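Trainee: Could you walk me through this model, one question at a time?
Mentor: Gladly, let's look together.

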Amino acid sequence: MSTSEVKKNQITLQGPQNYLEWASGMRSLLMVFGVWRYANTNVAAPVAPIVAAGAALPAAHLAEVATHEKNRDQCLGLITSFMSGIIRQNYLNKENPNTVWEALHTTYGTPGAAGIFVEFKKIVRMQIKKNEDPTSRVNEMQSIFNYLAANGLTLLNSAQAMILLSALPAEWEGFASTILATLPITLPVPAPAGAQALTFASVLPKINEEWSRCSGHSVMPRFKEEKKENNAFAGPSKVNKPRCKTCNGPEETLYQRKREKGL
């Protein structure tokens, strides 16, 4: 795997908000390079065999030591390469990748209530702009919901749907009202066939459909230009036909007069 491929597939650790996603990707990356166990466990250096005084260590042992150091450094280098500069400064003097891995988990993998509240506040204040494709914001919202759930704060499906609707532009207020009027928070038991409750999963496709409809209107000028360009290839219209310089009438009228006079 090339360096460019690695950088493309692995995100940078920014803090508790993306630690879970970072750690999952980093584990897979370390496995690809065959050095995951150096992060997951404290791999001890090969023990030197007992040799006679003054005798050189066996070549096989020296090769084991070199391999251990190479794998350890590669593991540590990969981990620290995908950290923000501020986080990396705390681990510049570390030599054991397992020590760094455990420290990161302790610091960012088990956040307190304050860290969880930061992400909760971010998601309830999130806003989608009028002409913005909602896809990126929705993906970010889903990532934060997963993060909150993984840290003990699981929001009801209906609450997640309402947070998503509240992030829509003000121009979508009528659309949001329609969704809330047609999708109940809970379904009766037994539920009618095909009935849907107010959930993140049931609201998202409707938002995508509405965005496709709205954005389709926004590209109409482009279609007009294409139509105009196509007309240009169809030849001059009746209005734009060449006109006679003498009488300002269509040239075909001049030709007709000449034929009548035998010219």
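Trainee: Which residues of α8 meet Q160, I163 and L164 in α9?
Mentor: This is a predicted model, where local features need pLDDT of at least 70, side-chain atom pairs count only at pLDDT 80 or more, and totals for chains, interfaces and linings use all residues. Residues are numbered from 1 along each chain as its sequence is written, and side-chain values use heavy atoms, with hydrogens and water left out. Contact means heavy atoms within 4.5 Å, and helices are DSSP runs (H or I, at least four residues) numbered from the N terminus. On the α8 side, the residues that meet those three in α9 are V138, M141 and F145.

Trainee: At what angle do α8 and α9 pack?
Mentor: Two packed helices are described by the angle between their axes and the distance between the axes. Axes are lines fitted to C-alpha atoms over the stretch in contact, and angles run from 0 to 180 degrees between N-to-C directions. For α8 (residues 135-150) and α9 (residues 157-166), the axes are 12 Å apart and the angle is about 145 degrees.

Trainee: How many aromatic pairs does a search of the whole structure find?
Mentor: Rings of Phe, Tyr and Trp (its six-membered ring) pair if their centres lie within 6.5 Å; planes under 30 degrees apart count as stacked, over 60 as edge-to-face and the rest as tilted. With that rule, the number of aromatic pairs found is five.

Trainee: How are the planes of Y19 and W22 arranged: stacked, edge-to-face or tilted?
Mentor: Y19 and W22 are three residues apart in helix α2 (residues 19-32), so about one helical turn separates them. Both Y19 and W22 are buried, which means under 20% relative accessible area (1.4 Å probe, protein chains only), with exposed over 50% and partly exposed in between. Their ring centres are 6.1 Å apart with 35 degrees between the planes, and the pair is tilted.

Trainee: Is V118 buried, exposed or partly exposed, and why?
Mentor: V118 is found in helix α7 (residues 113-124). Because its relative accessibility is 45%, V118 counts as partly exposed.

Trainee: Which helix has the lowest mean pLDDT?
Mentor: pLDDT is the predictor's confidence in each residue, from 0 to 100. The chain has a mean of 80, and helix α3 (residues 36-40) has the highest mean among the elements, 95. The lowest, 39, belongs to helix α12 (residues 220-233).

Trainee: Which residue does a cis peptide bond join to V189?
Mentor: Look in the loop between α10 (173-182) and α11 (200-218). Omega is about 0 degrees there, and the partner of V189 is P190.

Definitions and conventions: Helix = DSSP H or I, 4+ residues; strand = E, 2+ residues; numbered from the N terminus.
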